[in-house]
Amino acid sequence: MLTETTTRVLEPADLGAALAVLESAPVENAFVTARVQLAGLDPWRLGGEMWGWYTEGRLRSLCYSGANLVPICATPQAVRAFADRARRTGRRCSSIVGPAEATTELWRLLEPSWGPARDIRANQPLMVAEEPSATVEPDPLVRRVRKDEMETIMPACVAMFTEEVGVSPLANDGGLLYQARVAELVGSGRSFARIEDGRVVFKAEIGAATRQACQIQGVWVAPEHRGKGLSETGMAAVLRYALADVAPVVSLYVNDYNTPARAAYRRVGFRETGAFMSVLF
């Protein structure tokens with residue numbers, strides 16, 4: 001048993017302890033929890049390492065180190081330990097993302113060696129809903145995307161990603177990994193869209209799902225249809241599907257400067273409960 005304050009890479013045998021930490025904050029941790037529940041802690045299957053912070057022999061905090069660096073239930077001591085390990089291994093991620101307080105401190109410690117960042121989004125409100133919208137009628141034309149509609153949904157997914165992140169998901173490998181991720185969401189019934197005349201008008205995905213909570217991502221309205229309220233009615237429809245079929249709590253996070261989106265989500269019934277931060281490289 002570990003009796004001193006320390007950090008180490010977790011192994012498959014640590015799965016139960018890791019899930020206990022993750023499930024202590026089911027909404028904040030939905031993305032990583034979903035990955036761990038599916039893949040366990042084997043780095044090859046997980047797509048990265050899970051670092052654990054122990055104090056008095058007990059696992060207290062985690063940090064996922066893969067395509068993203070994600071502090072999880074991280075105490076100030078744990079953040080310092082994770083930053084030390086990240087400096088030693090070097091930057092292998094495309095972003096740092098997580099609860100704002102821990103991520104702010106992690107970036108403060110890493111910026112001298114990892115900076116500069118391409119973009120910093122210091123305040124991304126975390127919003128949750130536990131009931132279908134009481135004020136916005138769901139769009140009856142929003143439905144699950146079928147497996148034979150991949151060619152229809154992909155251009156909208158690429159456009160959303162490029163607008164949101166600032167780079168194309170097709171840049172590095174021609175989009176193979178991104179296309180596989182979209183196919184995974186479509187295949188699992190977690191991709192939703194309103195499609196008219198073979199073109200996507202509105203889309204969104206449930207990007208992460210656990211028994212306790214799920215997270216909506218990739219909300220997008222075709223430019224020519226913006227300003228018509230389709231984001232509200234579309235989100236009301238996705239929220240209804242998510243609560244009925246996936247989890248009792250539905251979450252999302254949004255950039256603080258995206259005032260129209262925040263207002264639309266509030267009208268649908270989402271409320272702000274915290275904040276995330278993202279550092280993009």
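Which residues of the largest nonpolar core touch the most other members? I will start there. What you see is a predicted model, where local features need pLDDT of at least 70, side-chain atom pairs count only at pLDDT 80 or more, and totals for chains, interfaces and linings use all residues. Residues are numbered from 1 along each chain as its sequence is written, and side-chain values use heavy atoms, with hydrogens and water left out.

The core has 28 residues, and those touching the most other members are Ile216, Met235, Val238, Val250, Leu252, Tyr265 and Phe270. Strands S6 (119-129), S9, S10 (214-221) and S11 (250-253) and helices H8 (230-245) and H9 (259-268) each give two or more residues to this core. H8 provides the largest share, eight residues. A separate core has 24 residues, including Val21, Tyr54, Leu59 and Val70.

Some terms. A nonpolar core is a set of buried Ala, Val, Leu, Ile, Met, Phe, Trp, Tyr and Cys residues joined through side-chain atoms within 4.5 Å. Buried means under 20% relative accessible area, exposed over 50%, and partly exposed in between, with a 1.4 Å probe and protein chains only. Helices (H or I, at least four residues) and strands (E, at least two) are DSSP runs, numbered from the N terminus.

Now Ile216. Leaving aside neighbours within four places in sequence, Ile216 is in contact (heavy atoms within 4.5 Å) with Ala204, Glu205, Ile206, Met235, Val238, Val250, Ser251, Leu252 and Phe270.

Next, the backbone. Most residues other than glycine have a negative phi, and most peptide bonds are trans. The bond from Gly115 to Pro116 is cis, with omega near -5°. Pro116 sits in the loop between helix H5 (100-114) and S6.

Which phi value does Cys73 have? Phi of Cys73 is near 50°, a positive value in a residue other than glycine. Cys73 is in the loop between strand S4 (68-72) and helix H4 (76-89). Cys73 counts as partly exposed because its relative accessibility is 27%.

Asp197 also has a positive phi, of about 50°, although it is not a glycine. Asp197 belongs to the loop between strand S8 (191-196) and S9. Is Asp197 buried or exposed? Asp197 counts as exposed, because its relative accessibility is 83%.

That covers the cores and the backbone.
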